[in-house]
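Work through the exercises below with the model open. Each task is followed by a solution in steps.

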Amino acid sequence: VLIPMLILMIIPAAGNYTPEIKLFFIITVCAILLWAVDLINMTIVSLMLPVAFILSKLATPEQVLAPWTQNLPYLVLGALIISIVFEQSGLMDRLAYWFITKSGGSYKGIILALTTSGFVVSILVPGSLARVALYGGMAWGICKAMGFEKFSKATAGLMLGAYNAAVTTSFVVMTGVEPFLVMNNQLASVGIDPMTYMGYMKDNALLAVVWSYLVAAMIILLFKPEKGIENKSYFKEQYDKLGKMRIEEKKVALLLVVLVILLATSSMHDIALGWIFIIMATVAFLPGINLGNEETIKRVNFPMIFFITATMAIGQVSTVTGAGSFIANAMFPLMSLGGKGFTVFATWVLGVGVNFVLTPFAAGATLTIPLADLANQLNISVYPLLYAFNHGLYEILLPYESTLPLLIYSFGVISFKHFLKFFGAQMIFNAIFIAVIAVPFWYLIGVL
């Protein structure tokens, strides 16, 4: 923890590398490393990081604590409560056993079935966070039904399979990838024709299908269960033992149906996802419904909320200090050294790098117009640059970099070692995928 901080301290601030940016990197790297090595309790670090930003005067309390006024912490809190209600009702076990039998009762079959369902759900439910919350709850139910313990390889595989189904498959449609929507909006703001829904699918749908199944295969290979899995007949027997649905299960089923409808129609009623989850969590506790109780609240992982808001504060302060723009400006001269394919791949690298200090949304909002200017200077289309940049924003190493892996990590059942193993491998394979498959494909269809 100390060595990287000392290295950052001795690097002199000069030019665009201002004292504020230098101090931001020192504080942020310290917090990230403390989280990574678990040297100090995660909650204490999460509480101290915003205070450090405030005391160092890098940003005002209002700016640092702005994440508490956004809906994401409440989405996570509501999702955690609903997941516990879901589990307590017994419906989670019923759905898990049913899903296991329908997918052949094998670990490989479940991972592939999750991935296949993700393409449909990505189209029906535009909110990535909502999909991660729903798939994460279902995957943990399957883990419990199969007897997988927390932090085991099998549990990590199924939870990351849920992430793949909720997130990676979403690249098939433009509405499933929110950072690209931000980029598209930025293009329109400077008079560049935004990408159309069908145009995006033409350029990316086939690639999304190939990439999603490649990731599924990678999960199957990396996270083979430590113990054998019972055959399909065992799970069919367990499912039959549950008998008819109890009244509590029917109530939870109705609550989940209403939740999915509200999530799928969010663009119509304009209620943020976080408020939807809190409303539905509240409904579970109403007299006459009585799905939640004191035990439900005791089981909620409240420290994770502080962790999430602390990580979001990193993005807030990086914008205030200009740390994200500093990284981008340092890379732009290097991005035009080769041909079109080189520039596209370099944009992917930019997305990976800037993700350490900016959230995907902030990165999309901050760097789209500079990337459009770069594309204009090089006389190439801006769209493949944004496609590659968007892929790069989804390639992370640490949970704090993006809310989507952070949400799946917040279930508290994946070890950091397994988390880093998966996303590190995915980053390497995605780099190869962009360079060897995506770029030639975009050349083939005339995008480049």
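**Exercise 1. A helix pair**

Is the crossing of α8 and α9 left-handed or right-handed? Describe how the two helices pack, and name the residues that meet.

Solution. The model is a predicted one.

Step 1: handedness. α8 and α9 cross in a right-handed sense.

Step 2: geometry. Two packed helices are described by the angle between their axes and the distance between the axes. Here the axes of α8 and α9 come within 8 Å. They cross at roughly 155°. Angles over 145 degrees count as roughly antiparallel, so α8 is roughly antiparallel to α9.

Step 3: contacts. From α8 come Arg131, Val132, Tyr135, Gly136, Ala139, Trp140, Ile142, Cys143 and Met146. They meet Thr155, Leu158, Met159, Ala162, Ala165 and Ala166 in α9.

**Exercise 2. An asparagine and its partners**

Is Asn204 buried or exposed? Which residues does Asn204 touch?

Solution. Step 1: position. Asn204 is found in helix α11, residues 197-222.

Step 1: accessibility. Its relative accessible area is 5%. Buried means under 20%, so Asn204 is buried.

Step 2: partners. Leaving aside residues up to four places away in sequence, Asn204 touches Phe171, Tyr387 and Trp442. Now go back to the second exercise. Tyr387 belongs to α21 and Trp442 to α23, and both take part in the contact of those helices.

**Exercise 3. Positive phi**

What is the phi of Lys57, and what is the phi of Phe151? Place each residue and give its exposure.

Solution. Step 1: Lys57. Its phi is positive, about 60°, although Lys57 is not a glycine. Lys57 is found in the loop between α3 (42-55) and α4 (61-64). Its relative accessibility is 72%, so Lys57 counts as exposed.

Step 1: Phe151. Its phi is also positive, about 70°, and Phe151 is not a glycine either. Phe151 is found in the loop between α8 (128-146) and α9 (153-166). With a relative accessible area of 46%, Phe151 is partly exposed.

**Exercise 4. Aromatic rings**

How many aromatic pairs does the structure hold?

Solution. Step 1: count. The structure holds 17 aromatic pairs.

Step 1: geometry. The rings of Phe419 and Phe423 lie 4.6 Å centre to centre, with 40° between the planes. The pair is tilted.

Step 2: setting. Both residues lie in helix α23, four residues apart, about one turn of the helix. At 0% relative accessibility, Phe419 counts as buried. Phe423 is likewise buried, at 0%.

Step 3: network. Ring pairs link Tyr163, Tyr409, Phe419, Phe422 and Phe423 into a cluster.

Methods
Residues are numbered from 1 along each chain as its sequence is written. This is a predicted model: local features need pLDDT of at least 70, side-chain atom pairs count only at pLDDT 80 or more; totals for chains, interfaces and linings use all residues. Side-chain values use heavy atoms; hydrogens and water are left out. Contact means heavy atoms within 4.5 Å. Buried means under 20% relative accessible area, exposed over 50%, partly exposed in between (1.4 Å probe, protein chains only). Rings of Phe, Tyr and Trp (its six-membered ring) pair if their centres lie within 6.5 Å; planes under 30 degrees apart count as stacked, over 60 as edge-to-face and the rest as tilted. Axes are lines fitted to C-alpha atoms, for helices over the stretch in contact, and angles run from 0 to 180 degrees between N-to-C directions. Angles under 35 degrees count as roughly parallel, over 145 as roughly antiparallel, 65 to 115 as roughly perpendicular and the rest as oblique. A crossing is left-handed if the near helix is turned anticlockwise from the far one by less than a right angle, and right-handed if clockwise.
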